[in-house]
Amino acid sequence: MPKLCVNGNWQQVDISNLAEFLATQFAELQHFAVAVNQAFVPKQKYSRMNLNDNDSIDIITPMQGG
Amino acid sequence: MWQLEDKTLGSRLLLGTAGYPSPEILQQAITAANCSVITVALKRSQQLNADSNAFWQLIKNSGCELLPNTAGCRTSEEAITTAEMGREIFATNWVKLEIIGDDYTLQPNPFELVKAAKQLTTRGFRVLPYCTEDLILCQRLLDAGCQTLMPWAAPIGSAMGPLNLEALQLLRTRLTDINLIIDAGIGCPSHACQVMEMGFDGVLLNSACAKAADPVLMAKAFANSISAGYDAYHAGILAPVSKARASTPLVDTPFWEQV
């Protein structure tokens, strides 16, 4: 069960695949992108991305900006 | 109409979407500005909320081209990652490249900017860099593959208007074949008009509109001023001289005496 830093918050999860992790915790999020350990992960690679202990995941969504 | 990157646009006002009193006022300001491009940003999402969906709908319904920025980035690596995420979310290869070098002035880090621009243009992005008015930096950004440059007028949000007119004029004089869009530091419509009268191609602003007492009316004012400045530049502005020039011909006016 890896311990992950998700958007700056540590949590223990019993999922080790990125696609599954997103499906359980961010299932309703529609417009987003993901970086794992500060590296962008394209959508088509979610299912092939394994999560390891101490990985950092950033779930990024749109916001207002100048 | 004008050509910006791979798009043909109507308005030369590019509008930022941050800091408005409400989403409704933002929407009304976009309409009043009649702008063709709006800038957007990215943030970490803790969880789904109605606000993020509402904002998505707002920007999609605006009919504007979306220009994602890399606000908050301090290194080329951060900016490149942010740009990639922006491309995936917003389905555009346009990116407003912002890499900040100083917390007080919020001025761009020129070294990281060039490094990131090279990488991003190689990856197929159309990079619109927020830069300073330094001619050499601008030339290096063009060498890196940028086709549009966005030099600042003054620090972000300062509302001071164009500070270094000589350097901005030099940019316009030396870089004739590219779009130059003034980005940052604009405070009032006359600032926007002033840079358009210098021959710049567009103005990107956010705080000057969002933080106005009436953002919707201000958006309209900026649209008018940018249009006026553009027309004035192309109409040929009378050059100033240090002596008077009578507008009415004085010969044979009543009481005119020949010397």
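This is a predicted model: local features need pLDDT of at least 70, side-chain atom pairs count only at pLDDT 80 or more; totals for chains, interfaces and linings use all residues.

Colleague: Why is B:Val251 called exposed?

Modeller: Exposed means over 50% relative accessible area. B:Val251 has 56% relative accessibility, so it counts as exposed.

Colleague: What makes the nonpolar surface patch that includes B:Val251?

Modeller: B:Leu250, B:Val251 and B:Trp256 make it. The patch covers about 290 Å².

Colleague: Now the opposite end of the scale. Why is B:Trp2 called buried?

Modeller: Buried means under 20% relative accessible area. B:Trp2 has 4%, so it is buried. B:Trp2 belongs to strand β1 (residues 2–4) of chain B. B:Trp2 and B:Asp201 are 199 residues apart in sequence, but 8.9 Å apart in space, C-alpha to C-alpha.

Colleague: And in chain A, what makes A:Asp55 buried?

Modeller: The cut-off is under 20%. A:Asp55 has 7% relative accessibility, so it counts as buried. A:Asp55 lies in the loop between β4 (39–41) and β5 (56–64) of chain A. From A:Asp55 to A:Phe40 is 15 residues in sequence and 13 Å in space, C-alpha to C-alpha.

Colleague: How do you know that strand β7 (residues 126–131) of chain B is largely enclosed by the rest of the structure?

Modeller: Five of its six residues are buried, so the strand is largely enclosed.

Colleague: Which strands does β7(B) pair with?

Modeller: Strand β6 (residues 94–97) of chain B is joined to β7(B) by four bridges, and the two run parallel. Here B:Leu97 has B:Pro129 as its bridge partner. Strand β8 (residues 148–151) of chain B is joined to β7(B) by two bridges, also running parallel. There B:Cys131 stands opposite B:Pro151.

Colleague: What makes the β-α-β units around β7(B)?

Modeller: One consists of β6(B), helix α4 (residues 110–122) of chain B and β7(B). Another consists of β7(B), helix α5 (residues 135–143) of chain B and β8(B). The unit with α4 is right-handed, and so is the unit with α5.

Colleague: Let us turn to charges. Why is the contact between B:Glu5 and B:Arg126 called a salt bridge?

Modeller: The nitrogen must lie within 4 Å of the oxygen. For B:Glu5 and B:Arg126, the N to O distance is 3.0 Å. The test is passed, so the name applies.

Colleague: What does that pair tie together?

Modeller: B:Glu5 lies in the loop between β1 and β2 (7–9) of chain B, and B:Arg126 in strand β7 of chain B, so the pair ties together parts that are 121 residues apart in sequence. B:Glu5 is buried, at 12%. B:Arg126 is partly exposed, at 23%.

Colleague: How do you know that B:Glu65 and B:Lys7 form a salt bridge?

Modeller: Their closest N and O atoms are 3.9 Å apart. The limit is 4 Å, so the pair counts. This pair links distant parts of the chain: B:Glu65 in strand β5 (residues 65–68) of chain B and B:Lys7 in strand β2 of chain B, 58 residues apart.

Colleague: What separates B:Arg87 and B:Glu84 in helix α3 (residues 76–90) of chain B?

Modeller: They are three residues apart in that helix, so about one helical turn separates them. They also form a salt bridge, with the closest N and O atoms 3.1 Å apart. B:Arg87 is partly exposed, at 24%, whereas B:Glu84 is buried, at 11%. Elsewhere, salt bridges that share partners join B:Glu5, B:Asp6 and B:Arg126 into one network.

Colleague: How many salt bridges are there over all chains?

Modeller: The count comes to 12.

Colleague: And how many disulfides does the structure hold?

Modeller: Zero, over all chains. Take B:Cys64, which is in no disulfide: the nearest cysteine sulfur, that of B:Cys35, is 4.1 Å away.

How values were computed:
Residues are numbered from 1 along each chain as its sequence is written. Chains are lettered from A and ligands numbered from 1 in the order in which they are written. Side-chain values use heavy atoms; hydrogens and water are left out. A disulfide is a pair of cysteine sulfur atoms within 2.5 Å. Buried means under 20% relative accessible area, exposed over 50%, partly exposed in between (1.4 Å probe, protein chains only). Two strands pair if DSSP finds at least two bridges between them. A crossover is right-handed if, with the strands pointing away from the viewer, the path from the first strand over the helix to the second runs clockwise. Patches are made of residues with over 30% relative accessible area and no salt bridge: like charges are joined within 9 Å, nonpolar side chains (Val, Leu, Ile, Met, Phe, Trp, Tyr) within 5 Å. Accessible areas come from the Shrake-Rupley method with a 1.4 Å probe; for residues, only the protein chains shown count as cover. A salt bridge is a side-chain nitrogen of Lys or Arg within 4 Å of a carboxyl oxygen of Asp or Glu.
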